[in-house]
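Please read this note with the model open beside it. The points go from the whole chain to its parts.

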There are 2 protein chains.
Amino acid sequence: MLATLLHGDHDIRLEEVNDPQLSTGGDAIVRVVASCVCGSDLWGYRGVTPTPKPKRIGHEFVGIVEQVGGEVSTIKVGDFVIAPFYDCDMTCVNCLNGISSSCLHGGWWGADDRLGGFADGGQGELVRVPHADGTLVATPGQPDAALIPSLLTLADVMGTGHHAAKSAGVTAGSTVVVVGDGAVGLCAVLAARRLGASRIVAMSRNPARQAVAKEFGATDIVELRGEEGIAAIKQMFDGVGADCVLECVGTQESMDQAIRSTRPGGMVGYVGVPNGGAEFPIRTLFGNNIGVRGGVAPVRGYIDELLPEVLSGAIEPGKVFDLELPLAEVSEAYLAMDERRAIKVLLRP
Amino acid sequence: MLATLLHGDHDIRLEEVNDPQLSTGGDAIVRVVASCVCGSDLWGYRGVTPTPKPKRIGHEFVGIVEQVGGEVSTIKVGDFVIAPFYDCDMTCVNCLNGISSSCLHGGWWGADDRLGGFADGGQGELVRVPHADGTLVATPGQPDAALIPSLLTLADVMGTGHHAAKSAGVTAGSTVVVVGDGAVGLCAVLAARRLGASRIVAMSRNPARQAVAKEFGATDIVELRGEEGIAAIKQMFDGVGADCVLECVGTQESMDQAIRSTRPGGMVGYVGVPNGGAEFPIRTLFGNNIGVRGGVAPVRGYIDELLPEVLSGAIEPGKVFDLELPLAEVSEAYLAMDERRAIKVLLRP
């Protein structure tokens, strides 16, 4: 089959690799219908994180089940399934506590050192899925083709944006600021809207992203950054800041922006993977009673909550995809993301 | 009148000072019935924080109102009142958001540089109270003398322990670990119990404090610290840690202990004033979805919630006082706290 491998800095290739095989009774083999490129894939692509040897890549995919192991009981051959960006058994204590991203027996797509075999990445034709009953969520019947982009966002970005909003405690009437206008930040706007936020500020200076943010429910756009951005947010919210600030970037600058835009007693929900020197200024947090909560989003559980609204069309997070390419053009997909020509690129094998 | 002044390292003195005067129409003058020494008073007493010039000290007191300014409408002469450890107007946006400790017009007992006069400390005979209607809470009638220690804890330690528990999201059925066996840590145990925690571990190696912790509702005592303490806690809670950990010390070691005793997806509530190099390890928090929330406890609002239970005897946080001295022996009171001979010392003018 064909699969994408990251070789190093700006070196991404589609290559012929061995088809995956069932390696445990709990596995399934899924034929990918759609996958995509994540902002976090760019860390390796840009050489920010090293790639000592070529590795499979891609952690977001939907597809059709082709084979299941003898212990798989709920997932069936022919099911249309959504995979979260990790695998998980949904039976360990962390999964039962709702933190399936810390599954005691789970792992990450593309990791090559566990379960006695090569774990596939999502940017390929086939993927071996461990713990198939826990990891995968089957849709009721085959979904309409038009729904596929939105279903694909449940693998990561929509669930991750939702996690930012839940972590910040967004509820009916909350005032919300979203820092970051990537696919996750835009999905965080949508998540805040469906949770009932009364006012949602998207911080963005990109007209195309501003448009999606507004469509997703942003009531205000702030283009300013740094001190000016913080001052603008404070001015909008009683001089003190917003109830909930959703940090969807992961840099020191964005975290600083988020914390200082939060009112005393408010909460920062953060899902941007902490990059480099980002840290929490404990005295600022303590002095203002600002909480911080977030992390690797437990999207598997969120699929159950969000899927009905995607199927009904109540939410359309798939609008974050503004470019679609065949898997053969995966190299161009990365470049379009790298150069910020695309918000998020959908790939079809 | 007599008032306590901190002069410097281990130099605390009771001195004759001018009686306070009403300086704004919103002031009240309160005759102190009981005050006490706080763990945080020891930072200056021990010379950890400098004392460039002598300063009034003491931020916890209850008393009887002797005078009120012309604009005071709810507090009356003769009322028995509880003061939080700060003053606040209860009308600004932060107070209305429940964070009265960030009152836009509030301040701290003993501060000498605002409102055009000397702000008294609680360890004296009289205190001028700014924003009396906002700051003070009057009991219904004169309380029984036996209730005074518990009422006094509402000025700080009981509300602060409660804040740790609320910040960590303690609710019915939560598993809780309390790091710190000072008066605040012990009150945090009591707060967790009344919020319905199913299991409460007090980390303490002091038999007297262990006894109070058990009386307050601790179901388990762990004497181990550091790696051994963390391992013991994980073992007690499914190998992953507790839902809610209440950090009531403020050192790097205690924060580390707290974070690493929390299960993935759990929450640290922290109220120990961050001291020295304490900071938050963002990657540990992110990777395990552990939230941190807390700060300067907004105890003024909590008085309304906790007072009925103190008056009814349902909770007796005053048991944290294991030494009572006349104000004339304030120097001995500090020494007893400094040498950890007493959990908390009550002072009567």
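1. Basis. This is a predicted model, in which local features need pLDDT of at least 70, side-chain atom pairs count only at pLDDT 80 or more, and totals for chains, interfaces and linings use all residues. Residues are numbered from 1 along each chain as its sequence is written, while chains are lettered from A and ligands numbered from 1 in the order in which they are written.

2. Overall fold. Chain A has twelve helices and 18 strands. Both are DSSP runs numbered from the N terminus: helices are H or I with at least four residues, strands are E with at least two. The radius of gyration of chain A is 20 Å, close to the 20 Å that the globule rule gives for 349 residues, so the chain is as compact as a globular protein of that length. That radius is taken over C-alpha atoms, and the rule is 2.2 Å times the number of residues to the power 0.38. Along the principal axes, the C-alpha atoms of chain A fill a box of roughly 60 × 40 × 40 Å.

3. Burial and contacts. Of the 349 residues in chain A, 56% are buried. A residue is buried if 20 or more other C-beta atoms lie within 10 Å of its own, exposed if 12 or fewer, and partly exposed in between; C-beta atoms are placed from the backbone. Among contacts in chain A between residues at least 6 apart in sequence, 69% join residues at least 24 apart. A contact requires C-beta atoms, placed from the backbone, to lie within 7 Å.

4. Domains. Chain A is divided into domain 1 (2–156 + 298–348) and domain 2 (157–294). These bounds come from an automatic or database domain assignment. The C-alpha centres of the two domains of chain A lie 27 Å apart. In the contact, 17 residues of domain 1 meet 17 residues of domain 2. On the domain 1 side, helix 11 (residues 299–312) of chain A gives the largest share, four residues. That side has ten nonpolar, three polar and four charged residues. Ala, Val, Leu, Ile, Met, Phe, Trp, Tyr, Cys and Pro count as nonpolar, Asp, Glu, Lys and Arg as charged, and the others, Gly among them, as polar.

5. A sheet of chain A. Three strands form an open antiparallel sheet in the order 2-1-4. Strand 2 (11–16) and strand 4 (55–56) of chain A are at the edges with a single partner each, so one side of each has no neighbour in the sheet. Strands pair if DSSP finds at least two bridges between them. Six bridges join strand 1 (residues 2–8) of chain A to strand 2 of chain A. A:Thr4 has A:Leu14 as its bridge partner in strand 2.

6. A:Leu323. Which strand holds A:Leu323? A:Leu323 is in strand 17 (residues 323–326) of chain A. A:Leu323 counts as partly exposed because it has 18 C-beta neighbours inside 10 Å. Leaving out residues up to four places away in sequence, A:Leu323 touches A:Ala336, A:Ala342 and A:Val345. The C-alpha atoms of A:Leu323 and A:Lys344 are separated by 6.7 Å, at 21 residues apart along the chain.

7. The interface. The contact takes 29 residues from chain B and 29 residues from chain A. On the chain B side, helix 10 of chain B gives the largest share, six residues. The chain B side divides into twelve nonpolar, twelve polar and five charged residues.

8. The same surface serves both copies, as 100% of the contact residues of chain B recur in chain A.

Methods:
Two residues are in contact if their C-beta atoms, placed from the backbone, lie within 7 Å.
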